[in-house]
Amino acid sequence: MTTDTRAPAVEDTATDTATEALAGRLFDTVLACLDAQAIVIGDRLGYYRALADGDALTSAEVAERTGTAERYVREWLEQQAVTGILTAADDPDRPGDARARRFTLPPGHRAPLLDVLSGDHLLPLVRFAVAAGRQADALAEVHRTGGGISWAQQGADVREAQAAANRPLFLGPLGREHLPSIPDVDAALRRGGRVADVGCGYGWSSIGIALAYPAATVDGFDVDAPSVEAARRNAAEAGVADRVRFAVTDAATVSGTYDVVTAFECVHDLADPVAVLAAMRRLAGDGGAVLVVDERVAEEFTAPGDDVERLMYGYSLVCCLPDGLSTRPSAATGTVMRPATLRRYAREAGFTDVEVLDVRDEVFRFYRLV
């Protein structure tokens, strides 16, 4: 018998290492997908809210508070404890008794799951991922045909999750830090300027501006009727409906002149971004400011990319590019709209240039079109 004592080929070792790494990553992806499903269930059924005050509850107590079935609740609580979102403790008098086991939501886990105005509130992104995942069959079909899937076809869960994901920024740093760092825009809003908010969605950007600047008035425009209906409700609840109005309309049809014209995270979705930017230029007149806020993606394609790049390509693949292609003809921009792309659109729309503003935000880049 002869023993082969040769060292394995270098390329084989490298291949084996790469295989193990990707296999491990795919397994982590499976765990993350299953966690996401469980998190959405917990949000939808109120399980996290039942645990929000810090009480240590049994499965029966959570079920009673939420009007749900104890056996399912018990499985959910155990899964959440095993995955590290909840903590669990057995009853000292009944060790090992699953029905007596008590579960707690740690204080540090409340903001990501429950605080809708916290910058750490990432539950909406989980909701978005789960909701968008339901479109797998439709996505495969449009990949074959070149067709599209509109926001309306994506459904309410995707629409609501996207609005909730942006809400903390729009009701917080936007009016508290970002806009005040742009001197002439800040001054115009403080003296009661008029704002046209293009692609306003659920209205949080319009509402955030109105809350931060009590003298300003805002007109929000969007082509999605359910979003505009939600925006009107949100403005009423925020107490700014007297200064914030919403309309279901294409910005290209809007008339009038505004001191500030904005487009928050929507230009990359537009089938005809040049036409909308041209309309924004017209609405700003000779003295108004035009601001576009979009994703802070890398200036050039680089692979592999950072987490923001990965997130935006994921969004583009399952939502933004299919939405852009649901209307023809289409620029088919996708979520990953780099500065050079926006600059090209702006110049075609009649602007001279695009300035990247010195506004500090991890996810969004602020542009001024001049």
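Q: Leaving aside neighbours within four places in sequence, what is D361 in contact with?
A: D361 is in contact with L169, H178 and R296, once neighbours within four places in sequence are left aside. Contact here means heavy atoms within 4.5 Å.

Q: What kind of model is this?
A: This is a predicted model, in which local features need pLDDT of at least 70, side-chain atom pairs count only at pLDDT 80 or more, and totals for chains, interfaces and linings use all residues. Residues are numbered from 1 along each chain as its sequence is written, and side-chain values use heavy atoms, with hydrogens and water left out.

Q: Back to D361. Where does it lie?
A: D361 lies in the loop between β8 (354-356) and β9 (364-369). Helices (H or I, at least four residues) and strands (E, at least two) are DSSP runs, numbered from the N terminus.

Q: Is D361 buried or exposed?
A: D361 is buried, yet has no salt bridge. Buried means under 20% relative accessible area, exposed means over 50%, and partly exposed is in between (1.4 Å probe, protein chains only). A salt bridge is a side-chain nitrogen of Lys or Arg within 4 Å of a carboxyl oxygen of Asp or Glu.

Q: Which side chain of opposite charge is nearest to D361?
A: That is R296, at 5.8 Å. For charge, Lys and Arg count as positive and Asp and Glu as negative, while His and the chain ends are not counted.

Q: Which backbone nitrogen lies 3.0 Å from a polar atom of the D361 side chain?
A: The backbone nitrogen of V363.

Q: New topic. How many salt bridges does the structure hold?
A: The structure holds 26 salt bridges. One of them joins R101 and D90, with the closest N and O atoms 2.6 Å apart. R101 and D90 both lie in the loop between β1 (87-89) and β2 (102-104), so the pair ties together parts that are 11 residues apart in sequence.

Q: Does R101 count as buried or exposed?
A: R101 counts as buried because its relative accessibility is 17%. D90, at 36% relative accessibility, counts as partly exposed.

Q: What does R134 form a salt bridge with?
A: R134 forms a salt bridge with D157, and the closest N and O atoms are 2.7 Å apart. R134 is in the loop between α6 (123-133) and α7 (136-145) and D157 is in helix α9 (residues 156-171), so the pair ties together parts that are 23 residues apart in sequence.

Q: And which side chain meets E177 in a salt bridge?
A: The side chain of R176 does, at 3.6 Å from N to O. E177 is partly exposed, with a relative accessible area of 42%, whereas R176 counts as exposed at 55% relative accessibility.

Q: Which residues do salt bridges that share partners join into one network?
A: R44, R134 and D157.

Q: Where is T68 found?
A: T68 is found in the loop between α3 (59-66) and α4 (70-82). T68 counts as partly exposed because its relative accessibility is 22%.

Q: Which side chains make a polar contact with the side chain of T68?
A: The side chain of Y47 makes one at 3.4 Å, and the side chain of T66 makes one at 2.7 Å. A polar contact is a pair of N or O atoms within 3.5 Å; within protein, one must be able to donate a hydrogen and the other to accept it, and residues adjacent in sequence count only if both atoms are side-chain atoms.

Q: How many residues apart in sequence are T68 and Y47?
A: They are 21 residues apart in sequence and 9.4 Å apart in space, C-alpha to C-alpha.

Q: What about A188, which helix is it in?
A: A188 is in helix α11 (residues 183-190). A188 counts as buried because its relative accessibility is 5%. Not counting residues up to four places away in sequence, A188 touches G193, D259 and V260. A188 and V260 are 72 residues apart in sequence, with their C-alpha atoms 7.8 Å apart in space.

Q: What feature does UniProt place at residues 191-302?
A: The UniProt record, an unreviewed entry, places "domain: Methyltransferase" there. UniProt positions are given in the numbering used here, feature names are shortened, and annotations may be inferred rather than shown by experiment. In the model, residues 191-302 are 31% helix and 25% strand, and the end C-alpha atoms lie 44 Å apart.

Q: How many helices and strands are in the chain?
A: There are 16 helices and nine strands. Of the 370 residues, 45% count as buried.
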